[in-house]
Amino acid sequence: MVNGQFNFKVLMEVVHQTFSITAYIVAIVIGATCFALVLRELGGDALVEETLTSLPFGPYGIVASILGIVFFLGFFLDWIEITLIILPLLASVISHLKIKYGCIV
């Protein structure tokens, strides 16, 4: 507005881009939720938990493995997808490790 470049065409372009980005994020949330629900119903969360807890590392080694997996996924996925897909799968694993406030309980 200050530069005099604001007009109806610019406003419509900005609104269109905003709706496109919002639709992209909503589609990711819906897809990740559907994926997580189907995976949990098929027993995928139990498989992930069993696989990670059977690693020959201690609790800190398992956390380091999880961080390595998330780091690797960061090359291919955005943080939104990682958070919505991986976090629900790994929450039960982390809670069973009995790590509280940086100490093993």
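**Exercise 1. Characterise the salt bridge between Arg-40 and Asp-45.**

Step 1. Arg-40 pairs with Asp-45 in a salt bridge, their closest N and O atoms lying 3.4 Å apart. The term requires a side-chain nitrogen of Lys or Arg within 4 Å of a carboxyl oxygen of Asp or Glu. The structure holds one such bridge.

This is a predicted model: local features need pLDDT of at least 70, side-chain atom pairs count only at pLDDT 80 or more, and totals for chains, interfaces and linings use all residues. Residues are numbered from 1 along each chain as its sequence is written, and side-chain values use heavy atoms, with hydrogens and water left out.

Step 2. Check accessibility. Arg-40 is partly exposed at 43% relative accessibility. Asp-45 is buried at 18%. (Buried means under 20% relative accessible area, exposed over 50%, partly exposed in between; 1.4 Å probe, protein chains only.)

Step 3. Asp-45 belongs to helix H2, residues 44-53. (Helices are DSSP runs of H or I, at least four residues, numbered from the N terminus.) Setting aside residues up to four places away in sequence, Asp-45 touches Leu-39, Arg-40 and Leu-89. (Contact: heavy atoms within 4.5 Å.)

**Exercise 2. Which residues make up the largest nonpolar core?**

Step 1. List the eight: Leu-52, Ile-62, Ile-66, Ile-82, Ile-86, Leu-90, Val-93 and Leu-97. (A nonpolar core is a set of buried Ala, Val, Leu, Ile, Met, Phe, Trp, Tyr and Cys residues joined through side-chain atoms within 4.5 Å.)

Step 2. Assign elements. Helices H3 (59-73) and H4 (79-96) each give two or more residues to this core. H4 gives the most, with four.

Step 3. Trace one member. Beyond its neighbours within four places in sequence, Leu-52 contacts Ile-62, Ile-66, Leu-90 and Val-93.
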